[in-house]
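Subject: A structure for you to explore

Hi there,

Here is the structure I promised to pass on to you. Please open it next to this email and follow along as you read.

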Amino acid sequence: MDKAGKQQIWGSLGLLTATLLWGFSFVVVKDSTESIPVLYLLALRYLIASVGMAVFLLCRRSLPAGIPLSVIKQGMVLGALLFVSQFFQTLGCKYTTAGKNAFITTIYVILVPFLYWWIEKRRPDRKCVAAAFIAILGIGLLSIRGDLTVQTGDFLTVICGAGLALHIIFVDKYTRKTDPVVLTALQFFFANLISWLCILAWQIPFPMQVFEPGMAGKMLYLGIFSTMAGFLLQIVCQKRTNPNVASVLLTTEAVFGMLFSVLLLHERFTARMFAGCVCMLAAVLISELKTQ
């Protein structure tokens, strides 16, 4: 296997690890929104992630001598997209189940190829589009229920999916020439800044519950593992694959999210859910075979 093929494999494994971390975070977020305001939940996780990335950069052997203004602007764009996406995702999780929140989020898988075509003028091939539609079929099997109604939480999660699709595209665009680790740190910094500015603007009281041992542990998980480690893996590993493949691989976040919801929140796992998981895995396989 050549070097490019090995990079594809390591990139895929890294993205799957990130989705495992994010999948568990749906359960953590669902529990946390019961007592912590959404904006504080975001602000604290971004603050912890920003501090962690600062330490990580200080420990690097090759620190950047200076950050160009163009790179700072890129970090601002990614930070804004990340904040908007996770704001609607977290707010949506408050008003729907963790499992549905996980799967509806992955609507970005069908948006990425078409948005990428519109922005970068790269037409997606048939296998990318087919994989995306199979993934959406899996999402439908897992998330659509009886009366087919769309609740407030579900609608908010759809907005999150659109934001994440744009985030994936701009990550791919910016990491072609920019250090992905620096971009990761910058996006956390600006997402954190936006969060605290919103808190100040709306004058939301600080929740003292964050100092309770159980809640503090949840905040550390969201900040260090789900946010810092998860997005660092995404932004580094996505550079080693194309955005259409990455978008389908990242849908396994929903599979992990549903599994953790079943195991920890005791949601039912039916034959229909199993069929949905099979569709999701088939979509991943199709996207990977395309690039081998």
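Let's begin with Cys128, a residue of helix α6, which covers residues 126-143. Please keep in mind throughout that this is a predicted model. Is Cys128 buried or exposed? Its relative accessibility is 8%, and buried means under 20%, so Cys128 counts as buried. Now look for Ile286: Cys128 and Ile286 lie 158 residues apart along the chain, yet 8.1 Å separates their C-alpha atoms.

Next, have a look at how some of the helices pack. Two packed helices are described by the angle between their axes and the distance between those axes.

Take α2 (residues 38-59) and α3 (residues 69-95) to start with. Their axes come within 10 Å of each other and cross at roughly 130 degrees. That angle makes α2 oblique to α3. The crossing in which α2 passes α3 is right-handed. Which residues of α2 and α3 make the contact? On the α2 side you will find Val38, Leu39, Leu41, Leu42, Arg45 and Tyr46, and on the α3 side Leu82, Phe83, Gln86, Phe87, Thr90 and Leu91. Sorted by class, the contact of α2 with α3 has nine nonpolar residues, two polar ones and one charged one.

Gln86 deserves a click of its own. This residue of helix α3 has a relative accessibility of 5%, so Gln86 counts as buried. Setting aside neighbours within four places in sequence, Gln86 is in contact with Leu42, Arg45, Tyr46 and Phe231.

Now turn to α3 and α8. The axes of α3 and α8 are 7 Å apart, and the two helices pack at an angle of about 55 degrees. With that angle, α3 is oblique to α8. Here too the crossing is described by its hand: α3 passes α8 in a right-handed crossing. The contact draws on residues of α3 including Val71, Ile72, Gly75, Leu78, Gly79 and Phe83, and on residues of α8 including Val182, Leu186, Phe190, Ala191 and Ile194. How many residues of each class are in the contact of α3 with α8? There are 15 nonpolar and five polar residues, and no charged ones.

What about the nonpolar cores? The largest one has 69 residues, and within it Met53, Phe83, Phe103, Leu142, Phe188, Leu222 and Met280 touch the most other members. Helix α2 gives this core its largest share, eleven residues. Another core lies apart from it, made of eleven residues, among them Leu78, Phe170, Tyr174 and Val182.

Most residues other than glycine have a negative phi. Gln203 is not a glycine, but has a positive phi of about 50 degrees. Where is Gln203 placed? You can find Gln203 in the loop between α8 (180-202) and α9 (213-237). Its relative accessibility is 69%, and exposed means over 50%, so Gln203 counts as exposed.

Enjoy exploring, and write back with any questions!

Best wishes

Definitions and conventions:
Residues are numbered from 1 along each chain as its sequence is written. This is a predicted model: local features need pLDDT of at least 70, side-chain atom pairs count only at pLDDT 80 or more; totals for chains, interfaces and linings use all residues. Side-chain values use heavy atoms; hydrogens and water are left out. Axes are lines fitted to C-alpha atoms, for helices over the stretch in contact, and angles run from 0 to 180 degrees between N-to-C directions. Helices (H or I, at least four residues) and strands (E, at least two) are DSSP runs, numbered from the N terminus. Angles under 35 degrees count as roughly parallel, over 145 as roughly antiparallel, 65 to 115 as roughly perpendicular and the rest as oblique. A crossing is left-handed if the near helix is turned anticlockwise from the far one by less than a right angle, and right-handed if clockwise. Contact means heavy atoms within 4.5 Å. Ala, Val, Leu, Ile, Met, Phe, Trp, Tyr, Cys and Pro count as nonpolar, Asp, Glu, Lys and Arg as charged, and the others, Gly among them, as polar. A nonpolar core is a set of buried Ala, Val, Leu, Ile, Met, Phe, Trp, Tyr and Cys residues joined through side-chain atoms within 4.5 Å. Buried means under 20% relative accessible area, exposed over 50%, partly exposed in between (1.4 Å probe, protein chains only).
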